Amino acid sequence: MIDAVLRDPSIVPRPTALIIKRESLAANLELLRNCTARRVPLMAVVKGDAYGHGLTDTARLLVEAGADSLAVAVLEEGVALRRAGIEKDILVLGGLSSSQIPHYLDHRLEFAVASTEKLEHVASHATPRNPARVHLKVDTGMGRYGVQWDRAEPFLRAAASAPNIDVAGIFSHLACSDDTESSFTAIQVARFSKVLKGARELGLVRARAHLANSAGVLHHPETHFDLIRPGIALYGVMPCPVATPALRPALSWFTQVSYFKVLQRGDPVGYGGTWTAPQRTRIATLPVGYADGYPQSAGGKASVIIRGVRYPVVGRICMDAVMVDLGPEGTAFNGDRAILVGATASDEIRIEDIARWADRSPYEVLTALGRRVPRFYMK
Ligand SMILES: *Cc1c(COP(=O)(O)O)cnc(C)c1O
């Protein structure tokens with residue numbers, strides 16, 4: 001399949017492709033759901049172009065795999081999902097601009113509301129025929145969006161009685177769940193529970209409580225509440241360095257050797273000549289670079305797999321090319337497949353490896369994957 005994709009010029013305008021496996025998305029989704037004691041609903045987070053995997057196609061695969069609802073960060077992402085014909089509930093997590101409220105209502109998008117003032121704006125647009133479905137955002141320690149947990153009562157009271165507003169959820173976001181040593185998650189859970197108790201007393205009994213991101217789902221069962229909200233783990237990428245149960249990378253990234261040359265000892269490679277051949281050596285050039293999201297800061301540390309062998313990337317990573325040192329004996333031919341991210345029978349390069357080489361978070365590496373790299377979805 002992969003070679004067929006890479007070699008078919010009618011479907012691949014260039015010999016570089018991201019392959020996304022539906023099976024892996026489905027397995028990760030099931031694994032995350034099984035982390036919860038009561039198999040609570042799962043809201044699949046597909047913001048940031050589904051963490052670089054491609055928004056609408058990936059969302060469709062996740063829905064087919066059993067996601068109960070979807071979450072995005074901004075209005076446009078929600079609208080794109082609706083335009084793609086996705087009918088599931090969609091929550092827009094990010095900040096709410098009052099001018100956008102009519103668009104949320106028109107597209108039947110759920111959205112986060114984080115102040116009494118915004119709640120009033122929403123109420124002024126919502127009608128019995130076009131009610132708003134909102135999730136109340138509470139800040140329990142992220143210091144970002146959300147009403148402060150210890151001053152939430154007037155907000156909750158207003159929400160409970162606001163006309164034409166259906167409070168579908170009450171939520172907060174974890175700040176330190178990726179650090180399993182930190183006690184801050186327990187503090188956030190306690191604060192959130194307190195807010196929730198108040199909300200229930202005020203009559204907000206049907207609103208789903210949700211707090212858990214991927215690391216929360218995997219490592220902090222007390223954060224699961226009525227619904228889980230994983231993102232990165234769905235894609236098989238670990239939210240934290242702690243050993244994580246068998247998450248399967250959903251994405252692999254391939255290209256082909258497009259040039260081969262022999263350099264003599266002392267010959268420089270790349271901008272600035274930062275690397276010179278330590279001996280007579282063979283250099284393969286791959287037609288992919290930082291414009292495709294292969295981070296320049298990974299230079300000097302990155303490696304790729306060609307013909308089953310791991311080789312170092314040498315010289316500065318270019319916008320559209322990387323050079324690979326095959327050594328004096330290595331072989332590669334034009335058209336050979338090079339694995340940037342993916343596995344062979346005995347070796348594997350993960351997004352987490354690229355992140356480590358580049359000194360970035362895996363989130364950043366995923367969302368930087370270039371739009372110009374074609375994505376293919378394997379059933
Ligand atoms: C991004 C995000 C998530 C998902 O986070 P992951 O760490 O990718 O699982 C959940 N909730 C909110 C509010 C978010 O912004």
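Predicted model: local features only at pLDDT ≥ 70, side-chain atom pairs only at ≥ 80, totals over all residues.

Colleague: How many helices and strands are in the protein?

Modeller: You get 12 helices and 21 strands, counted as DSSP runs (helices: H or I, at least four residues; strands: E, at least two) and numbered from the N terminus.

Colleague: What share of the residues is buried?

Modeller: Of 379 residues, 51% are buried, meaning under 20% relative accessible area with a 1.4 Å probe, protein chains only.

Colleague: Switching topic: how many aromatic pairs does a search of the whole structure find?

Modeller: Five. Rings of Phe, Tyr and Trp (its six-membered ring) pair if their centres lie within 6.5 Å; planes under 30 degrees apart are stacked, over 60 edge-to-face, and the rest tilted. Take Phe-192 and Phe-225: their ring centres are 5.0 Å apart and the planes sit at 90°, so that pair is edge-to-face.

Colleague: Where in the chain are Phe-192 and Phe-225?

Modeller: They're 33 residues apart, so to speak in distant parts of the chain: Phe-192 is in helix H9 (residues 184–201), while Phe-225 is in the loop between helix H10 (214–219) and strand S10 (227–228).

Colleague: And are those two buried or exposed?

Modeller: Both Phe-192 and Phe-225 are buried.

Colleague: Which residues do ring pairs link into a cluster?

Modeller: Tyr-51, Tyr-235 and Tyr-363.

Note on methods
Residues numbered from 1 in each chain as written. Heavy atoms only, no water. Buried < 20%, exposed > 50% of the residue type's maximum accessible area, 1.4 Å probe, protein only.
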